[in-house]
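Subject: Structure handover: pockets and ligand site

Hello,

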Amino acid sequence: MNYKIAILAGDGIGPAVISEGLKALNAIEKKFGYRFEYEKALIGGCAYDDCGKPLPESTISIAKDADAVYLGAVGDWKYDALPAEVRPERALLGIRKALNLFANLRPAIVFDELIEASTLKHDIIQGVDIMMVRELTGDVYFGQPKGIEIINGERAGFNNMIYFEKEVERIAHVAFQTAMKRNKKVCSVDKANVLDASRLWREIVTTVSTNYPEVELSHMYVDNAAMQLIRNPKQFDVVVTGNIFGDILSDEASMLTGSLGMLPSASLSNNEKGMYEPIHGSAPDLKGKNIVNPIATILSAAMMMRYSFGKNEAAESIENAVKAVLKEGYRTQDIYYGNKDSIRLVGTTQMGDLISNKILNS
Ligand code: IPM
Ligand code: MG
């Protein structure tokens with residue numbers, strides 16, 4: 001089996017974590033006899049430095065041509081003063097839109113080995129396994145009109161929160177289908193007590209739910225959801241929500257697990273094509289120190305195996321290798337908590353080596 005993977009390492013710690021992810025992919029190739037063909041492209045600040053655009057046409061076409069996209073992170077403080085249209089973050093929004101990656105899956109799973117790394121009480125978080133399904137190409141992120149203009153003699157900034165029926169419908173289907181493979185519960189998060197966009201969202205999610213009679217649907221206002229995620233996260237199975245609420249809640253959910261450095265993500269379209277990236281950012285302050293956790297990126301490769309290539313065995317092989325290495329006590333700095341006699345601090349490259357060796361030798 002041959003697969004083409006576009007490698008968009010990006011800025012900051014992106015290249016470092018992608019290197020470790022590639023070690024895991026190489027191990028998977030050897031173990032299962034697949035062939036991965038990699039094509040590198042620039043995205044974010046490094047692309048801007050190269051050609052004045054954070055998302056060059058050539059990068060979009062390489063990504064479109066590939067079976068899957070593997071992305072590190074974009075952004076650096078040195079680009080903070082740039083105009084909005086050429087900021088590195090724009091590239092992320094642009095590639096999501098260009099590839100029609102409307103469904104963003106962000107699992108938040110608490111590993112037993114890392115329970116000490118969470119800031120919450122053990123009994124609250126032990127066993128947490130939430131799949132956040134975030135709509136990724138609509139909402140206030142992309143709505144028109146938008147801008148900064150003079151209105152009534154003073155400057156005003158505005159963005160339009162808008163959802164089209166079809167956009168809500170297709171993300172709702174993804175959420176229900178995801179729930180069918182899990183614990184058959186969907187919680188749809190909105191702000192229907194205030195926002196019209198949310199009233200339509202709720203109505204459509206409810207209509208779509210009739211196609212999935214086995215799935216239990218509940219609705220929750222976003223402020224309450226933010227609170228419930230901390231109070232009792234185990235009540236959630238699949239959470240489905242719009243782009244902006246999902247952005248905020250997925251960061252919150254990630255901290256249940258102790259570290260942003262653990263969480264992978266998949267951004268999917270209607271076809272098999274997907275983009276896989278850690279949910280953390282580019283952390284320019286940590287660049288070049290060999291201390292960041294590559295696990296989120298490595299687990300994103302597992303999601304690629306599962307969602308783009310339909311290779312569950314390969315996905316599990318990566319996930320089991322991560323668990324085994326954690327069980328043996330290896331920790332990067334962000335998850336170096338607990339009894340120091342039974343854990344060992346390792347750097348980014350060592351963690352990548354340990355996991356890829358484990359994939360090959362188990
Ligand atoms: C994310 C990020 C992005 C977003 C930024 C970097 C544009 O926060 O993927 O969650 O807001 O979607
Ligand atoms: Mg975010």
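The lining of the largest pocket divides by class into 15 nonpolar, 8 polar and 10 charged residues. This is a predicted model. The volume of the largest pocket is about 950 Å³. It is lined by 33 residues, and those closest to its centre are L105, M131, T178, R306 and Y307. Elements that give two or more residues to this lining are β4, β5, α6, β11, α10 and α11, with the largest share, 5 residues, coming from α6.

The second largest pocket holds about 770 Å³ of space. Its lining has 35 residues, of which V74, I279, H280, G281 and S282 are the closest to its centre. By class these lining residues are 16 nonpolar, 8 polar and 11 charged. At least two residues each come from β3, α4, α9 and β12, and α4 gives the most, with 4 residues.

Ligand 1 takes the space of the second largest pocket. Around ligand 1 are E89, L92, R96, R106, R134, Y141 and D247. That shell has 2 nonpolar, no polar and 5 charged residues, and helix α4 (residues 88-98) gives the most to it, with 3 residues.

- R96: a polar atom at 2.7 Å
- R106: a polar atom at 2.8 Å
- D247: an N or O atom at 2.9 Å

Of the 320 Å² of accessible area that ligand 1 has on its own, the protein covers 75%.

Regards

Definitions and conventions:
Residues are numbered from 1 along each chain as its sequence is written. Chains are lettered from A and ligands numbered from 1 in the order in which they are written. This is a predicted model: local features need pLDDT of at least 70, side-chain atom pairs count only at pLDDT 80 or more; totals for chains, interfaces and linings use all residues. Side-chain values use heavy atoms; hydrogens and water are left out. A residue is near a molecule or strand if one of its heavy atoms lies within 4 Å of it. A polar contact is a pair of N or O atoms within 3.5 Å; within protein, one must be able to donate a hydrogen and the other to accept it, and residues adjacent in sequence count only if both atoms are side-chain atoms. Accessible areas come from the Shrake-Rupley method with a 1.4 Å probe; for residues, only the protein chains shown count as cover. On a 1 Å grid over the protein atoms alone, a cavity is a set of points where a 1.4 Å probe fits but cannot get out, and a pocket is an open set with protein on both sides within 12 Å along at least five of seven lines; lining residues have an atom within 4 Å of a point. A molecule sits in a cavity or pocket if more than half of its atoms lie within 2 Å of its grid points. Ala, Val, Leu, Ile, Met, Phe, Trp, Tyr, Cys and Pro count as nonpolar, Asp, Glu, Lys and Arg as charged, and the others, Gly among them, as polar. Grid points are joined across faces, edges and corners, and a volume is the space filled by probe spheres set on the points.
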